[in-house]
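Let's take a walk through this structure together, one piece at a time. Have a look at the picture first, and then we'll start with a single pair of residues.

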Amino acid sequence: MSQRIIVRAVELVGSGAGGKGSTDILIADGVIAELGSRLSDAKATVIDADGLIALPGLVDLHTHLREPGFERSETVLSGSRAAAIGGFTAVHAMANTNPVADTVSVVEHVMSLGDSAGYVTVRPVGAVTVGLGGVRLAEIGAMARSRAKVRVFSDDGKCVSDAQLMRRALEYVATFGGVVAQHAQEPRLTEGAQMNEGRVSGELGLEGWPSVAEEAIIARDVLLAEFVGARLHVCHVSTAGSVDVVRWAKARGIPVTAEVTPHHLLLTEELASGYDANFKVNPPLRRSEDVAALRAGLADGTIDVIATDHAPHPQEVKDCAWADAAFGMVGLESALSVVQAALVDTEVLAWTDIARVLSSMPARIGHVEGYDRGIAAGAPAELTLVDPAARRDFEVGDLRGESVNSPFVGLRLPGRVMATIHAGNPTVLDGELVAAERVAAAATKSEGRGRG
Amino acid sequence: MKHLVSTKSISRDEAIDILDVAEDMSDVAGREVPRLPALRGKTIVNLFYEDSTRTKISFEVAAKRLSADVITFSAKGSSVSKGESLKDTAQTLAAMGADAVIVRHPASGAAEVLARSSWIDAKILNAGDGTHEHPTQALLDAFTIRRRLHGDHARGHGLDGCRVTIVGDIEHSRVARSNVWLLTTLGAHVTLVAPATLLPPSVRAWPVEVAFDLDHALAAGPDVVMMLRIQAERMHESFFPTEREYSTHWGLDDVRMRRLPGNTLVMHPGPMNRGLEISSGAADSPMSTVREQVANGVSVRMAALYLLLIGNEAEVA
């Protein structure tokens, strides 16, 4: 019935052993059955992984799948495929859909679309406030207790800017064991904002998005979290000042976690100079000093996770004047390569750290089960095989989602995901997606074993 | 020149070349029939997404004096305001065979986007994009200053050593940006005067001096004082408290005017708010170049169109 796979001669990363040298991995019944050398199983499909490294399946804490409502940009299926080719086995689908994910029916719908697509575990994020309106709390308890078991709540795209409402949200979400993921953007300081406020915005005549608009909200929120004793997660930290605030908060013992996107780890505001809206994103690309501070924040543990903020948009809202264009970039397909370029090849982090910031930590924050042990016997079979020696000119053809608004097209990037295994079933083999029907069929068969 | 989108990328030689050709064009204006056949058969589109009277007319006159066919396309009230994108409009104009498109757009970078795009091959001439640049305004300002300084012998000169003080809403001014890059490229020393709320971020990285106090800046004896239009709505966004306070601190009133040496140039790109950033006395004084600026605008735009569409191989007839 169930698929049996042997991954032959792979280098393990993020395992308890942490040792060098190659290993075989036997996968059966959706779990890692055995690790060892020269494993054999007559019924198993063999993946030759010589020269590849095995990472625990990547978990994205911040993904826009756009369904329901914006299927022109992305669907749960197309976004799941983009995730799988990028090495992800679980994603958190943000709530700014239409209708907004502020009710049980929407979060359960999104989850089941993810289940039937079968490429990744889709964990819906619930809205903090009704319709992302920032006025009344959404039915957080109902979403937490639904089949979707929502644990991350966010109005992402909008900031919960009202201090009283944020206080209540922190307390109420904590009641159900969840966390508020805040999009930190002081709204009055960023009215009409188009790009980072600074030298480049001044020259280009584009309305500035000042760093203080992010830092002021983070500072307020960590103090609120401390005061009410609740956990806070900060989305897409983008400035050196934000890193300082989070570092201060952690030193003080405040239960805060923070994420950074791959694009903020590699790209800078200079890229706006040609007014190419593929570089328009919120929060905006910042200065090279900020990029350096974000990398340092990851290295010293101030920043806990890397999350893509994959934000697909149709071409017509990018193919226009900068101010008329939508904010956002797709990032699932390129994430691991960008992270390798920004952090591994620069020796800021080792692959074991990458396993932490892209798998075990985001899984812990999002309450995704089965990722705490990494690649170990008995753990759910969620893993990604990467060829770190590969180099490619990243192209539109490397994208697998519905949208092509990637800022990395044309860049030479290192590393390539050669295989992804989700719930014991391959979703990517030989660097290409496994066909949707096969993945969906395998997922249906795996149903009985429960979700990873 | 491939396009004219920004003065930031113009070299000193290119700038002087444009100004010299503008001198030739200005000679044409004095003729009985002020018309050259240079652009006969060329189609020039005036594509205006924003209301503008003087710039639109100035370009239209410039193109007609060069015998081009001019189509003026006001985006207001057309399909553009019904949601047609810049891309579709550009592709339509390309299909109609436009040789040059003069574009004014409320979004910064719109002209650059057109110039870089594959939507249209025509030469793109930026007639003002958001708060980014307005290169022909800076060129006509430079032309006006150079003529006042050098009279009939202006050809070949830059603006070396000339001290220009620009006063007002620098942050939201495409005129200020284009002037800063062009005037400094030509060798002028530029001082910007404004309250801190109306200075762009990181202005101190620009090749200029920055001051808050207008009286102090004027006491230094600049050769040129350029007043920028202040928009009343800035007051409601708390950039300054009241018109009266703005005018008291940063307006060129009659008292400040009397203190200036008689050979100081007083400039304004128009349209003026008389009594706010500039008094009527200042605007109408012999030191004022406001009307010269308008006349020179036609010559400079003729030069820009000519150089873009013909290049400088051919002699001006």
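In chain A, Leu58(A) stands opposite Phe88(A) in S7(A). Two strands count as paired if DSSP finds at least two bridges between them. The labels come from DSSP runs too, with helices (H or I) needing at least four residues and strands (E) at least two, numbered from the N terminus.

Before going further, keep in mind that this is a predicted model: local features need pLDDT of at least 70, side-chain atom pairs count only at pLDDT 80 or more, and totals for chains, interfaces and linings use all residues. Residues are numbered from 1 along each chain as its sequence is written, while chains are lettered from A and ligands numbered from 1 in the order in which they are written.

S6 and S7 sit in an open sheet of three strands in chain A, ordered S6-S7-S8, with parallel pairing. Strand S6 (58-63) and strand S8 (121-124) of chain A are at the edges with a single partner strand each, so one side of each has no neighbour in the sheet. From one strand to the next, the twist averages 20 degrees. Helix H11 (residues 351-366) of chain A packs on this sheet and touches S6, S7 and S8 of chain A, its direction making about 55 degrees with that of S6(A). For such angles, axes are lines fitted to C-alpha atoms (for helices, over the stretch in contact), and the angles run from 0 to 180 degrees between N-to-C directions.

Chain A has another open sheet to find: five strands in the order S9-S10-S13-S14-S15, again with parallel pairing. Which strands stand at its edges? They are strand S9 (152-153) and strand S15 (305-306) of chain A, each with a single partner strand, so one side of each is left without a neighbour in the sheet. Further in, three bridges join strand S10 (residues 179-182) of chain A to strand S13 (residues 232-234) of chain A, and Ala181(A) stands opposite His233(A) in S13(A). Helix H4 (residues 163-175) of chain A packs on the sheet, touching S9, S10 and S13 of chain A, at about 140 degrees to the direction of S10(A).

Next, the bigger divisions. Chain A is split into domain 1 (4-54 + 379-449) and domain 2 (57-366), with bounds from an automatic or database domain assignment. Their centres, taken over C-alpha atoms, are 25 Å apart. Across the boundary, 36 residues of domain 1 of chain A are in contact with 47 residues of domain 2 of chain A; contact means that C-beta atoms, placed from the backbone, lie within 7 Å. On the domain 1 side, S17(A) gives the largest share, seven residues.

Finally, hop over to chain B. There, helix H2 (residues 54-65) of chain B and helix H12 (residues 290-309) of chain B pack with their axes 8 Å apart, at an angle of about 55 degrees. H2(B) and H12(B) are therefore oblique to each other, since angles under 35 degrees count as roughly parallel, over 145 as roughly antiparallel, 65 to 115 as roughly perpendicular and the rest as oblique. Among the residues that meet here are Phe59(B) and Val61(B) in H2(B), and Val294(B) and Leu305(B) in H12(B).

Key. Contact = placed C-beta atoms within 7 Å.
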